[in-house]
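Please look over the structure below before reading on.

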Amino acid sequence: MWRVAFAELRKLRRPTLLLGTMGAVIFFSSLFSSLLFILIDSPQGNSERGRMVGRQVLSMSSGAVQGFSSVGGFLGIIALCVFAAQTAQEYTYGTLRNLLVRQSGRLRILFGKFVAMKLFALAMIVVSAIVSISASVILAPGAKVPTNLWFGADGRHAIFTTFINVVISVIGFGTIGMVLGLLLRSPISAISLGVLWLLIVENLLVAVKSSLESWLPGAQLRIIASGGARTGLVPGITYSHALVVGGIYVSVGAAIASFLFVRRDVAN
Amino acid sequence: MSHMSNTAISVSDLSKKYGERNALSHATFEVPLGTVCGFVGPNGSGKTTTMRMLLGLISPTGGTGEILGHSIKHPEKYLPRVGAMIEGPAFYPALSGRENLNYLATLGGFSTDKVQGLLEQVGLGERAKSKYKTYSLGMKQRLGIAAALLPNPQLLMLDEPTNGLDPEGIQEVRDLLRTLANNGTSVFVSSHLLSELEIISDYLVMLRKGEVVFTGKIQDLLHAQQPLIIAKSENENDLTKIVEIARSAGHHAVIRDGAAHIEGPKDWAVTLNKAAFDAGITLSQLSPQLPNLEETFFEMTGDK
């Protein structure tokens with residue numbers, strides 16, 4: 001498994017993919033965090049879906065990571081795209097047969113790729129945390145937000161827990177991407193379906209029937225990233241509920257995709 | 001299951017069905033260790049399907065097989081000693097030739113130190129840093145062969161390795177395969193260039209519509225064929241008359257590539273020469289010969 005992971009990291013560290021992804025991460029992390037402070041007095045809100053995050057919230061010990069937790073869902077979409085593309089392209093390039101000739105343990109290939117992509121996602125999250133916290137620190141004085149509680153014991157705890165929550169959420173999104181890549185065997189189809197579902201279909205469903213937010217996979221993963229805070233229309237979706245429901249989606253999807261990957265003929 | 005086998009490949013009743021279609025039907029053959037074995041058959045005859053099953057990429061619907069003494073149900077036991085390129089080369093377009101081989105070397109647990117040597121061996125040393133997507137078809141093919149050589153294979157399985165290569169490249173591949181075989185590597189190679197296979201192969205497995213129609217030494221196959229008499233006339237219209245003369249004497253004859261191909265012993269060439277002279281036909285060529293692999297292939301597969 002580790003050989004597969006190390007080999008996969010050779011592929012993931014190529015400049016186009018690495019710099020392109022990190023560029024997107026830096027852009028969206030700084031954008032989400034900046035808007036929190038720049039639009040702090042805007043009546044249209046300064047967070048996702050027009051939510052207002054005021055000075056009182058931002059000056060709390062968790063203030064430094066408000067932007068980071070908001071960008072968590074978006075990092076998840078990026079992870080979904082990377083995981084889906086890296087998995088499905090083995091079919092479209094025909095390289096899966098090379099992999100299986102050099103490493104016949106199919107589950108080993110799957111886990112090795114997963115480990116490598118998790119490390120890639122982790123690097124992405126670290127960069128995002130640094131950028132969004134730095135942006136918050138830089139912009140807070142201008143928005144008249146006190147930062148004296150941000151890096152105390154409670155502040156450091158908030159940074160740590162938010163980091164863990166974003167990691168869980170992003171890995172969840174990435175796993176869904178990998179599952180779609182394995183099932184659809186085409187990067188374009190896997191990414192299109194994943195992004196379409198998470199960004200459009202789920203939002204439409206929630207707009208029609210708000211209680212569905214408690215049961216949709218993307219919503220659960222976004223709620224995990226924000227630590228169980230209310231993000232949408234349904235109040236009171238707890239962190240543990242999101243963790244259980246999101247975990248079931250991810251586990252069932254991963255189990256089905258792994259089973260098919262192990263059993264399916266490689267005919268292209 | 002014996003681990004000290006004298007065969008590189010041994011399959012028995014191996015079958016693969018896709019729905020109602022038999023891609024391979026009860027194939028039984030053996031490839032001795034240390035030989036170059038040609039694997040021939042028309043398009044769709046089941047060659048690639050067979051190779052895929054031997055490499056553990058697809059599961060057979062029936063029968064058994066062994067590679068280097070291990071069942072094909074356990075590819076992990078023999079694949080570390082097998083090099084393969086099937087259905088053409090397939091690599092990551094954004095990585096260079098060297099990065100692609102480094103990737104596979106890391107995956108297979110081989111040293112990446114040998115990668116540059118392999119690239120030079122297949123003539124890609126100077127383009128090692130170029131991205132795969134910039135390679136010509138011939139260069140891609142060479143990279144595929146280099147990848148197949150990564151594990152110092154005991155068995156090399158190549159599917160159409162000379163596709164896209166220029167005559168010089170074909171000659172190089174031929175020499176490479178011969179050298180590998182001389183050093184004890186067993187080679188199982190499919191190609192539509194039958195004249196090439198005839199030169200390099202000791203052994204042959206021939207498929208037609210998913211069934212094995214011949215397996216054995218290539219010389220045994222050729223010597224078992226009816227000798228041919230090739231006759232050409234000064235006037236091409238006389239070829240039909242030559243065929244009629246042959247058929248009336250009970251010999252099978254066809255016109256192919258501007259010559260009459262007549263099955264019959266070489267002594268009969270004298271009789272034909274006299275009969276043609278009596279019929280007012282001037283022959284420009286009359287040569288008895290054994291059929292080559294290409295002619296035998298067409299004869300056995302009914303492709304021409």
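## A covered helix

This is a predicted model. Start with helix α2 of chain B. Its buried residues are covered by several helices, including α1 (2-12) and α5 (96-102) of chain A. How many of the twelve residues of α2(B) are buried? The count is eleven, so the helix is mostly covered, as 20 or more other C-beta atoms within 10 Å make a residue buried. Among the buried residues are B:G97, B:R98, B:E99 and B:N100. B:Y103, B:L104 and B:G108 are also on that list.

The length of α2(B) can be checked. At 1.5 Å a residue, its twelve residues should span 16 Å. The end C-alpha atoms are 17 Å apart, which agrees. After α2(B) comes B:G109, with a positive phi near 80 degrees.

## Where the chains meet

Chain B brings 24 residues to the contact, and chain A brings 23 residues. On the chain B side, helix α2 (residues 97-108) gives the most, with seven residues. By class, that side of chain B has 16 nonpolar, six polar and two charged residues.

## Nonpolar cores

The largest nonpolar core has 139 residues. Those with the most contacts inside this core are A:L75, A:A79, B:A146 and B:M157. Helix α4 (residues 66-92) of chain A supplies the largest share, 13 residues. What does B:A146 touch, leaving out residues up to four places away in sequence? Its contacts are B:L101, B:L118, B:L119, B:Q121, B:V122 and B:L124. B:L101 is also one of the buried residues of α2(B).

There is a second, separate core of 13 residues. Its members include B:I229, B:A231, B:I245 and B:A259.

## Chain B as a whole

Chain B has ten helices and 14 strands. Its C-alpha atoms fill a box of roughly 75 × 45 × 35 Å along the principal axes. Of its 304 residues, 43% count as buried. Take the contacts in chain B with a separation of 6 or more: 69% of them join residues 24 or more positions apart.

## Two domains in chain B

Chain B splits into domain 1 (7-222) and domain 2 (226-301). The C-alpha centres of these two domains of chain B lie 38 Å apart. In chain B, 14 residues of domain 1 are in contact with nine residues of domain 2.

Which elements of chain B each supply at least two residues of the domain 1 side? They are α6 (194-200), β9 (203-208), β10 (211-217) and α7 (218-224). The largest share, four residues, comes from α6(B). By class, this side of domain 1 of chain B has ten nonpolar, two polar and two charged residues.

## An open sheet

Four strands of chain B form an open sheet in the order β2-β1-β4-β5, with antiparallel pairing. β2 and β5 (70-71) of chain B are at the edges. Each has a single partner strand, so one side of each has no neighbour in the sheet.

Now look at the pairs. Strand β1 (residues 7-18) and strand β2 (residues 21-32) of chain B are joined over eight bridges. Here B:S10 stands opposite B:E30 in β2(B). Two residues lie between the strands of this hairpin, where B:G19 takes a positive phi near 65 degrees. β1(B) also pairs with strand β4 (residues 62-67) of chain B, over five bridges. B:I9 has B:I67 in β4(B) as its bridge partner, and B:V11 stands opposite B:G65 in β4(B).

Most residues other than glycine have a negative phi. B:D13 is not a glycine, yet its phi is positive, about 60 degrees. B:D13 is found in strand β1 of chain B. With 13 C-beta neighbours inside 10 Å, B:D13 counts as partly exposed.

A:R185 is not a glycine either, and its phi is positive, about 55 degrees. Where does A:R185 lie? A:R185 is in the loop between α7 (153-184) and α8 (187-208) of chain A. It has 18 C-beta neighbours inside 10 Å, so A:R185 counts as partly exposed.

Definitions and conventions: Residues numbered from 1 in each chain as written. Chains lettered and ligands numbered in written order. Predicted model: local features only at pLDDT ≥ 70, side-chain atom pairs only at ≥ 80, totals over all residues. Contact = placed C-beta atoms within 7 Å. Nonpolar A, V, L, I, M, F, W, Y, C, P; charged D, E, K, R; others polar. Domains from an automatic or database assignment. Core = buried A, V, L, I, M, F, W, Y, C linked by C-beta atoms within 7 Å. Expected span 1.5 Å × (residues − 1). Pairing = 2+ DSSP bridges.
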